[in-house]
Amino acid sequence: MKLIFEKSCGGHRLDLLPPCDVPVKSYPDELLRKKTLLLPELSENEISRHYTKLAGRTFGVNDGCYPLGSCTMKYNPKVNETAAALPGFTKIHPLQPESSVQGCLHALKLAETLLCEITGMDRMTFQPAAGAHGEFTGLLLIKAYHEHRGDFGRRKIIVPDSAHGTNPASASMAGFTVVSIPSGPDGCVDLTALKEAVGEDTAGLMLTNPNTVGLFDKNILEITKIVHEAGGLNYYDGANLNAVVGIVRPGDMGFDVVHLNLHKTFSTPHGGGGPGSGPVGCKALLAEFLPGPTVEGDGPYRLETPEHSIGKVKAFYGNFLVVIRALAYILTLGREGIPDAARYAVLHANYMKAELSRDYDMACPGLCMHEFVMCLEELKKQTGVSALDIAKGLLDDGIHPPTMYFPLIVPEALMVEPTETESKETMDEVIRVFRKLKERAVREPEAMHELPLTAAVRRLDEVTAARHPKLKYEAETE
Amino acid sequence: MGSYIATSVQEREEMLASVGVGSLDELFADIPSEVRKKGKWDLPPGRSEMEVLAYMERLASQNQVFRSVFRGAGAYDHYIPQIVKSVVSKEEFLTTYTPYQAEVSQGVLQSIFEYQTMICRLTGMDASNASVYDGASAAAEAAAMCRDRKRNQVLVSATAHPDTIRTIRTYCFGNGMEFLLVPEKDGMTDIEFAAAYSNAQTACLYVQQPNYYGLIEDAGTLGAAVHQAGGKYIMGINPIAAAILKTPRECGADIAVGDGQPLGMPLGYGGPYLGFMACTADLTRKLPGRIAGETVDAKGRRGYVLTLQAREQHIRREKASSNICSNQALCAMTMAVYMAAMGAEGMAQAASLCASKAAYLRNGLKEAGFLPVYGSRPFFHEFVTTSPIPAGEVEKQLEKVGILGGLPLAEDRILWCCTEKNSREDMDELTGLLKKMTERGGGL
């Protein structure tokens, strides 16, 4: 379809702002831009239809099953949106006097209290805008903690090779050296490897539990103890919290610092890649290093910067309106609904795993937590049909593919996370389509490489896109 | 209690049977009992939708919505066209994930491609990413892009927004880059200092335009100073001002960043906003985060994909250009729809309204005894005045009558801001009130 620039017609416009009611100011020429600003010239109707057409070429959670592993694509409740659109939140300037923002501060304090109870932490900052941003923040807390004690030798962060890619990338941004340790085939930490890796240079360990193969690491207490005994701290990657939210707490597993993805576990929408929110909770020993300001007092509330704060990781207080959505969700579910979300997320994953195990190999047999990883290596060997082919095949039946080729320790991986908000009927349909694709892979493997057939476009040439990047529209006249 | 689970008891039993376990709790058998929380969870009982909404409304009502806002300092109260709200609340855009599956994400990918084009046109740069968290983190990410083996020092102008300065400093604490603050001189970046301290170790210089005090910096000269020493030049710009002011490219910038909030995002107590980032062609492969690119499908049709992914964390892990994964995609769409709705003419009109009103207010305030501090310098829509009465007192008195006054910078300094939303009538009211206050030496 046409780009918005190609639809642009000279002279079409909207009338949005009033005429100037004061003398018009002008600037000397040397301050003004020379290059003409070229933006589309369209009527409101034309813009509206353009985006409606784009929406029609976009697949959201509301369009169908979205079992994207590690991403927790659960339903995004409407009441959250209504709450976040209240003028008493949207029209509040971040630098208003404290007396005029008590509602915002109360909301942040309440969200902190509830999420600290859920994670077993003592304090929390909402400044990080996303999970990776939270990882970076949490690692800086660890760094500040060691340096504050005068221990400058702890430069290494241990990360299992099954970890999310953000973990090593965040450790690197925080100035640490990454020590990758092997995981077992079940994604669980190899205790011997961990014991060998820790030492006086260990700043900490980053871990997600359940791990990226979808299993709860039973040795968790021993793992966190090994790190603590070596003088390091334990960082919990909250990406997979939906499996155990309300069931077990990172703080009770021996973790000292944790980030949450409010856009995963706490139902806020993903928006095509953001905005999310990645609050960081920590045990009391790290609280003095948190980014400032934090909310203090219990009404009236005030903003204060912790004594040895690492500084700010973004302007103001974080993606506040996303926190409002998550708060509405937590209040709705409450103490019964929160663990129920985890229970049904886990039930649904196990149901799909059990059913699909009849036709597909699993990276790890048996029960799983909120997600499971299929291994299509054997299928590929026999038929030439890859995980990618099966994933693309799902698109023709209105199903979003699972996460592909992750975790890296599983060859030809498809990682499936149905979440608690999918119905059995929907999951049965997904299972049926998976089976159909398996049969077809055996019967006519060549045809599978062509899928999808019904989407807006067929498979796209990613190699050319990267080799000869075309990253913006250029009219022939430019 | 509220719930979004779509499974009946009967369906639950069917599924448990299929799995081969007797109860939901059995699914969690792998979790050792000694890890379980002892005692009850201190969480409130679940509530109905009606109760939750009423509660949230009560929280919102504990905030004061000002009828008239004269405060900016990094968050600006601009008019948001209705089409913007309508487009970005479409469920497809709201609920979709990062567009990894290009075949069913052409809509969102094309919108990112269009956004990138608009950012390039606004800044004059060659390549834009799909957004980062906000203007402050964009500045910090930009500084990290400029590092190489020999150049490890970041120069940051003291006239940048304090939160931007703090954020860059925090990122430097992380990645080990050396942070050096270039002092201000009469409200502007000290050019002589910047030139004197730019050397073979300098990775980059960061300057905000217009700066924190609303002044228009001599951006070209500053760029030349750091370039002379071989460092890169980063400009943080206001996107409304950018419609009329010299583009970062025309000022010699290698990277242009800024906060997109003024273009369609509500104040929202500080977020979500978005950071935009654009650079010259030679730096493209150092950009952090998602980038959409044009390509063709198997049938030769034009399409879009996330591209240059070899820079990113999910491929490169610890060697990635940044750890960023989630960005502010929906905010980027907001900004793009805003620019499409306003058009170049509307953007320039907004900029002109802001500048004209600020000039008008500054004159009015002068008459009320609030004198401009940097009188002769060109400024955009913010400016600093003296305050004949304690600045905190001015703020408090105005708060009482529903006006959010300028931001107190010190006991006798206030940073004011105007946008197209401030009518002449509102400004006359403000100056009238301040005149009265000055005459009485305080209260209203």
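Helices (H or I, at least four residues) and strands (E, at least two) in these legends are DSSP runs, numbered from the N terminus. The model shown is predicted: local features need pLDDT of at least 70, side-chain atom pairs count only at pLDDT 80 or more, and totals for chains, interfaces and linings use all residues. Residues are numbered from 1 along each chain as its sequence is written, chains are lettered from A and ligands numbered from 1 in the order in which they are written, and side-chain values use heavy atoms, with hydrogens and water left out.

**View 1. A:Gly311 in its loop.**
A:Gly311 sits in the chain A loop that runs between strand 9 (302–304) and helix 11 (320–356). With a relative accessible area of 18%, A:Gly311 is buried; buried means under 20% relative accessible area, exposed over 50%, and partly exposed in between (1.4 Å probe, protein chains only). Contact means heavy atoms within 4.5 Å. Apart from neighbours within four places in sequence, A:Gly311 is in contact with A:Gln127, A:Pro291, A:Gly292 and B:Thr170. A:Leu140 is 171 residues from A:Gly311 in sequence, while the two C-alpha atoms are 9.8 Å apart in space.

**View 2. The open sheet of chain A.**
Seven strands of chain A form an open sheet with mixed pairing, in the order 1-7-6-5-4-2-3. Strand 1 (123–125) and strand 3 (177–181) of chain A stand at the edges with a single partner strand each, so one side of each has no neighbour in the sheet. From one strand to the next, the twist averages 20°. Two strands count as paired if DSSP finds at least two bridges between them. Strand 2 (residues 156–160) and strand 4 (residues 202–207) of chain A pair in the parallel sense over three bridges, and A:Thr202 in strand 4 is the bridge partner of A:Lys156.

**View 3. Helix 5 across the sheet of chain A.**
Helix 5 (residues 102–119) of chain A lies across strand 1 and strand 6 (257–259) of chain A, and runs at about 120° to strand 1. Axes are lines fitted to C-alpha atoms, for helices over the stretch in contact, and angles run from 0 to 180 degrees between N-to-C directions.

**View 4. The open sheet of chain B.**
In chain B, an open sheet of seven strands has the order 2-10-9-8-7-3-4, with mixed pairing. Its edge strands are strand 2 (127–128) and strand 4 (178–182) of chain B, each pairing on one side only. Strand 8 (residues 232–237) and strand 9 (residues 255–259) of chain B run parallel and are joined by four bridges; B:Ile255 in strand 9 is the bridge partner of B:Ile234. Helix 9 (residues 219–228) of chain B lies across strand 7 (202–209) and strand 8, at about 150° to strand 8.

**View 5. The bent helix 11 of chain B.**
Helix 11 (residues 329–367) of chain B spans only 45 Å between its end C-alpha atoms, whereas a straight helix of 39 residues would span 57 Å at 1.5 Å a residue. The expected span of a helix is 1.5 Å times one less than its number of residues. Helix 11 of chain B bends by about 95° at B:Gly343, the bend being the angle between axes fitted to the seven residues ending there and the seven starting there. Of the 39 residues of helix 11 of chain B, 31 are buried, so this helix is largely enclosed by the rest of the structure. B:Gly369, with a positive phi near 95°, follows helix 11 of chain B.
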